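Trainee: Hi! I'm new to this one, could you walk me through it?
Mentor: Happy to, let's open it up together.

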Amino acid sequence: MKLLLREPNRDIMGNIDFVDQYRPVQDNYYRLMERFDTIKRQSAYNALKRFIKKDPDYLEPYIILSEMHLEKDNVSKAYSVLDEAYERAVNLITDRDGKWPAYLQWGHYENRHIIRTLLHKALTDWEFGNTDKALALLRKLLSTNPNDNIGARYYILAILLGFSFHEFEGRFNKGGFYDMDLTNWFTEHYHLFPAEFSQISVAE
């Protein structure tokens, strides 16, 4: 049985606006990330494991560990680590009945490690062909974070149009960032799915 440790935030309509607690270990994590490329991989790995032991519900270290396992072609271990993070993320945000909150917003800084984990899970599922799972999770991320700071709408549209993850990245990823090419593409095609993007307003 899930225990609710505090009364959740609610909007004026009574809908839950989830905000995670502040997690002090994140300060150590970001200091590590600032020098990640200058230290030995084993040292980084050990530090990430320590962070998880200190606070198992601070989720960003799991993402990096998963990527480190992928670098070594250990796909099963990478999936296992990411799945643990995903399960913890869902457990953090859902109620006793497993229901998501009405809002899980990027604007609350405390939520970002959770949202990044959920997005990483969705994109990994898409990459490995689990498109139905990816689409369902991306839809939840968009509906609970309507400002869509993470660009879930772009991924949703790409999946609906039949893109693979690698096709999408090959077309739109410009060396680690996305430019107006992606925005213009979305503006041109989102009308094909009016029910999917009924709440989206795009300046023509």
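Predicted model: local features only at pLDDT ≥ 70, side-chain atom pairs only at ≥ 80, totals over all residues.

Trainee: Let's start with helix α9. Which of its residues are buried?
Mentor: Helix α9 covers residues 180-189, and its buried residues are Leu182, Trp185, Phe186, Thr187 and His189.

Trainee: And what covers them?
Mentor: The cover over the buried residues of α9 includes α7 and α8.

Trainee: OK, what are the angle and the axis distance for α7 and α9?
Mentor: The angle is about 55°, and the axes are 11 Å apart. The crossing of α7 past α9 is left-handed.

Trainee: Which residues make that contact?
Mentor: From α7 you have Arg153, Tyr154, Leu157 and Ala158, while α9 brings Leu182, Thr183, Trp185, Phe186 and His189. By class, the contact of α7 with α9 has six nonpolar, two polar and one charged residue.

Trainee: Now α8 against α9: at what angle do the axes cross?
Mentor: They cross at roughly 120°, and the axes come within 9 Å. That makes α8 oblique to α9. Phe168, Arg171 and Phe172 of α8 meet Asp181, Leu182 and Trp185 of α9. Sorted by class, the contact of α8 with α9 holds four nonpolar, no polar and two charged residues.

Trainee: What caps the N-terminal end of α9?
Mentor: Asp179 does, with a side-chain oxygen 3.0 Å from the backbone nitrogen of Asp181.

Trainee: Switching topic: Glu60. Is it buried or exposed?
Mentor: Glu60 lies in helix α3. Its relative accessibility is 6%, so Glu60 counts as buried, the cut-off being under 20%.

Trainee: Which side chains does the Glu60 side chain make polar contacts with?
Mentor: One is the side chain of Tyr30, at 2.8 Å. Another is the side chain of Arg116, also given as 2.8 Å. Leaving out residues up to four places away in sequence, Glu60 touches Tyr29, Tyr30, His113 and Arg116.

Trainee: And Met33, where is that found?
Mentor: Met33 sits in helix α1, residues 25-34. At 24% relative accessibility, Met33 counts as partly exposed. With residues up to four places away in sequence not counted, Met33 touches Leu48 and Ile64.

Trainee: How many residues apart in sequence are Met33 and Pro61?
Mentor: They are 28 residues apart in sequence, and their C-alpha atoms are 9.9 Å apart in space.

Trainee: One last topic, the loops. What is phi for Asp73?
Mentor: Phi of Asp73 is near 60°, a positive value in a residue other than glycine. Asp73 is in the loop between α3 and α4. With 65% relative accessibility, Asp73 counts as exposed.

Trainee: Where is Asp148?
Mentor: Asp148 is in the loop between α6 and α7. Its phi is positive too, about 50°, although Asp148 is not a glycine.

Trainee: Is Asp148 buried or exposed?
Mentor: Asp148 is buried, with a relative accessible area of 5%, whereas Asp73 counts as exposed at 65%.

Key:
Residues numbered from 1 in each chain as written. Heavy atoms only, no water. Helix = DSSP H or I, 4+ residues; strand = E, 2+ residues; numbered from the N terminus. Buried < 20%, exposed > 50% of the residue type's maximum accessible area, 1.4 Å probe, protein only. Contact = heavy atoms within 4.5 Å. Polar contact = N/O pair within 3.5 Å; in protein donor to acceptor, adjacent residues only side chain to side chain. Axes fitted to C-alpha atoms, helices over the stretch in contact; angles between N-to-C directions. Left-handed = near helix turned anticlockwise from the far one by under 90°. Nonpolar A, V, L, I, M, F, W, Y, C, P; charged D, E, K, R; others polar. Parallel < 35°, antiparallel > 145°, perpendicular 65-115°, else oblique.
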